[in-house]
Amino acid sequence: MKHYTMQEAATALGVNAETLHSWISNIQHESYTDPYDHQLYVLDEVQLKQLAQEHNVPTFIPEDWQKKKTSDSVPEVHPIPLASPTLTIGRFNNNTIILNHPQVSGYHARMEQSRTGGYRIVDLSSTNGVYVNTERVRARDLNPGDLIRIGPYKFTYTGNQLIQQDESYSIRIDALHLTSRGNLHTLLLDDISLDIPARTFVALVGGSGVGKSTLLNALSGLRPAQKGTVLYNDQDYYRNLAAFNTQIGYVPQDDIIHKDLTVEQALYYTARLRLPRDFTRAQIKQRINEVLDEVEIRYRRKHLVRNLSGGERKRVSIALELLANPSVFFLDEPTSGLDPGLERKMMLLLRKLTDKGHTIVLVTHATSNIFLCDFVCFLAPGGHLAFYGPPAQAQAYFGTNDFAEIYNRLETATNNKHAPEKIAENFKRSPYYQRYVQEPLDRELAEDHQMLETNLLISRPKRGRPWKQFSLLSRRYLRLLLHDGGNFLLLLLQAPIIGLILFYLAGSGTFDSTSITYCPLRANPLDTSGPVVSIDCKRVVDLLNSPVASLYVQKEGLTKQQALENAIAPDSGANAQTLLFIMAFAGVLFGCLNGIRAIVRENAIYRRELGILCFLQSAVLIYLVNLKTPLRGGIFLPILAEIYITLVLTTLAGLMLGLAISALAPNADRAMSFVPIVLIPQVIFSGIIFKLDSPILQVLGALFPVRWAMAGLGSSVGLHGDKLGVDDFAYQGTHYTSLNPATAVPGATMHLLIVWGALVLTIAVLMVAIGLFLKRKDVRA
């Protein structure tokens with residue numbers, strides 16, 4: 001934090017030393033000694049701004065002081081000579097080049113000398129990757145001038161040494177001519193340009209709907225502007241999102257933490273997902289302690305998040321992002337809903353984080369503590385830039401010491417259609433725009449024009465190992481449920497209750513061969529007289545393969561295949577079909593309810609969770625049914641495998657359906673109102689209650705997961721659609737559909753694969769729909 005001598009403070013406040021001395025005497029302010037040059041100073045930066053606020057005077061900090069501020073605490077790094085044939089780079093102390101940062105893996109990369117005398121760099125399966133000239137690589141031969149990025153560290157390879165630059169606390173953001181439009185081509189941002197120096201605290205201020213969050217999202221890359229460029233240290237950020245991804249922290253307006261975890265548990269699971277895989281449990285605990293101390297909430301580590309105050313929850317959200325120690329923080333309305341006291345504490349916390357080296361950009365409606373910021377950006381309606389510069393200079397520009405008055409003036413600009421445009425034009429013609437926007441941008445662009453031309457397009461950041469993430473999310477989800485006993489019990493009992501009902505109602509031989517295909521064979525089968533002596537279709541097949549049967553079917557004008565079909569009694573497998581239908585519908589129901597709960601209950605973290613229960617619920621349902629009446633059949637896989645795959649895909653399709661409803665609905669009540677609208681048609685178009693015997697009905701039926709589920713489940717157990725009054729497409733199995741079952745396997749296999757493919761396609765289409773619904777649902781402030 002910048003410290004001021006008596007003379008410097010008087011100059012900044014625009015008063016003489018005698019006046020400043022009287023102000024300090026009145027508040028009995030204490031003097032301190034600068035530990036670096038032992039100069040006597042009387043005020044730090046925050047105190048200076050407080051005095052300015054109390055006495056309604058602007059502050060003016062000379063430009064050379066600002067430069068000194070932004071250069072403070074930048075570590076001096078000497079070139080690293082490449083004298084060894086092999087060098088290792090990583091976080092552990094036994095590396096040749098030690099990079100002690102939570103974004104760096106223990107053994108992150110290795111440099112190897114080639115036969116030609118040059119070097120190549122190899123990624124040692126690091127979590128956050130190695131980038132050469134902004135492209136992520138596994139191994140790459142290096143050329144002099146190549147730029148290597150590992151976490152927040154950047155190295156320039158010269159051929160015989162590495163020139164290191166630590167960007168942990170030195171990312172400068174330049175925004176050039178940002179323009180965005182919303183629905184119906186509504187202008188959200190109008191040609192916004194900003195220069196945000198490293199390690200500064202910037203507030204985006206304005207009324208509702210003026211584009212604050214849109215600008216924040218454009219600067220953070222969450223939703224890039226449609227026109228314009230954002231530069232991070234002179235590199236096109238939109239084209240290099242992956243290289244800077246780990247250096248960005250984003251805290252949305254809504255809390256991003258599970259309320260049914262303790263603070264420590266929430267931080268632990270987040271750390272396991274974000275920190276390198278080689279972080280031990282002890283190291284994670286140490287990092288958690290560090291971030292809890294930074295946000296001053298260590299004393300609440302064992303408390304459930306739902307029991308915290310609004311301000312404490314927001315501090316935990318910030319702590320989550322601090323785990324990876326990002327260089328830049330973006331916060332959307334972090335003081336929303338806080339009382340004045342908590343609001344001030346939050347702003348002081350952000351000021352402290354800035355002074356530790358982070359760049360902070362936040363959106364806020366509040367104006368009472370803006371003087372704690374280094375820069376303030378006022379936006380007028382229509383996304384017009386009304387002012388950008390130090391808070392004290394904003395007071396001078398608008399001619400008032402009251403920030404709320406500035407806020408109100410800009411809000412009333414909507415009364416005149418052209419007023420916002422005029423406000424932006426006036427600012428662009430002012431010396432403040434030249435000083436705080438145009439001149440810094442011109443200077444930086446002039447210095448780095450050549451670098452901008454060499455930026456390369458790279459891929460999005462790669463995600464971590466899917467199975468590890470799945471395992472971790474499963475454990476976290478279980479922990480969440482354990483903290484919510486009632487809901488946990490309800491979710492656990494869904495599948496067992498339905499399964500137990502089916503267990504007691506189902507017959508013990510529902511899926512036996514003679515139940516699926518009932519073939520009554522009489523004592524004299526050729527003239528169908530005498531008592532029934534067998535119901536096994538195998539006896540019919542044996543009979544049809546005999547010479548006597550050949551003469552009989554020829555006499556009747558039938559083929560043997562037709563005779564076999566005629567031998568199977570109507571309604572064969574009806575009980576099995578009913579049981580499978582209930583299982584299929586239950587799968588969609590489970591998934592749908594889980595999906596609706598996931599988003600409506602915790603809308604801010606809908607993108608972070610999976611439908612883990614789908615797999616468990618499907619397994620429980622199949623287990624209980626199979627325990628009472630063993631499943632038999634199967635086309636090309638064991639019957640339990642085929643049934644499980646079909647039911648899991650069905651449940652996942654139901655989950656996506658529930659998520660789509662929840663993403664579309666504005667609130668929980670509206671979402672639940674959609675449930676019967678989407679579930680009842682599942683029954684109608686399943687093909688079980690009503691026959692889908694026209695092309696239109698077939699097309700409509702294809703839109704519903706239960707229809708495909710029944711086609712898959714029925715085919716696997718060997719149901720015959722013609723005996724059950726369903727359409728011809730429904731079932732294509734191998735169970736006595738032919739005298740030689742082997743001939744039916746290829747067609748039945750293809751049919752089952754089509755069913756699975758249709759369910760996967762349904763899941764994918766619904767996922768796209770969810771994304772579109774959520775994009776429309778996002779509120780632009």
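Trainee: Before we count anything in this predicted model, within what distance must the ring centres of Phe, Tyr and Trp lie to pair?

Mentor: Rings of Phe, Tyr and Trp, the last taken by its six-membered ring, are judged by how far apart their centres lie. Planes under 30 degrees apart count as stacked, over 60 as edge-to-face, and the rest as tilted. For the pairing itself, the centres must lie within 6.5 Å.

Trainee: And how many aromatic pairs does a search of the whole structure find?

Mentor: A pair of aromatic rings is described by the distance of the centres and the angle of the planes. Searching the whole structure that way, the number of aromatic pairs is 22.

Trainee: Take Tyr237 and Tyr238: is that pair stacked, edge-to-face or tilted?

Mentor: Both of these tyrosines are buried. The ring centres of Tyr237 and Tyr238 are 6.3 Å apart and the planes stand at 40 degrees, so the pair is tilted.

Trainee: What about cysteines: which two form a disulfide?

Mentor: A disulfide is a covalent bond between the sulfur atoms of two cysteines. The count comes to 1 disulfide. Its sulfur atoms are 1.8 Å apart, and the partners are Cys519 and Cys537.

Trainee: How many residues apart in sequence are the parts that this pair ties together?

Mentor: Both Cys519 and Cys537 are buried, and with 80 degrees about the S-S bond their link is right-handed. Cys519 lies in the loop between α18 (513-516) and β26 (521-524), while Cys537 is in helix α19 (residues 537-544), so the parts tied together are 18 residues apart in sequence.

Trainee: Now salt bridges. Which residue meets Asp234 in one?

Mentor: The structure holds 22 salt bridges. In this one the N to O distance is 2.4 Å, and the partner of Asp234 is Arg172.

Trainee: Is Lys352 buried, partly exposed or exposed?

Mentor: Lys352 forms a salt bridge with Glu296, with the closest N and O atoms 2.9 Å apart. Glu296 has 44% relative accessibility and counts as partly exposed. Buried would need under 20%; Lys352 has a relative accessible area of 24%, so this lysine is partly exposed.

Trainee: Last one: which residue pairs with Asp727 in a salt bridge, and where does that partner lie?

Mentor: Asp727 meets Arg707 at 2.9 Å, N to O, and both are buried. Asp727 lies in the loop between α28 (721-724) and α29 (745-777). The partner, Arg707, lies in helix α27 (residues 705-717).

Technical notes. Residues are numbered from 1 along each chain as its sequence is written. This is a predicted model: local features need pLDDT of at least 70, side-chain atom pairs count only at pLDDT 80 or more; totals for chains, interfaces and linings use all residues. Side-chain values use heavy atoms; hydrogens and water are left out. Buried means under 20% relative accessible area, exposed over 50%, partly exposed in between (1.4 Å probe, protein chains only). A disulfide is a pair of cysteine sulfur atoms within 2.5 Å. Helices (H or I, at least four residues) and strands (E, at least two) are DSSP runs, numbered from the N terminus. A salt bridge is a side-chain nitrogen of Lys or Arg within 4 Å of a carboxyl oxygen of Asp or Glu.
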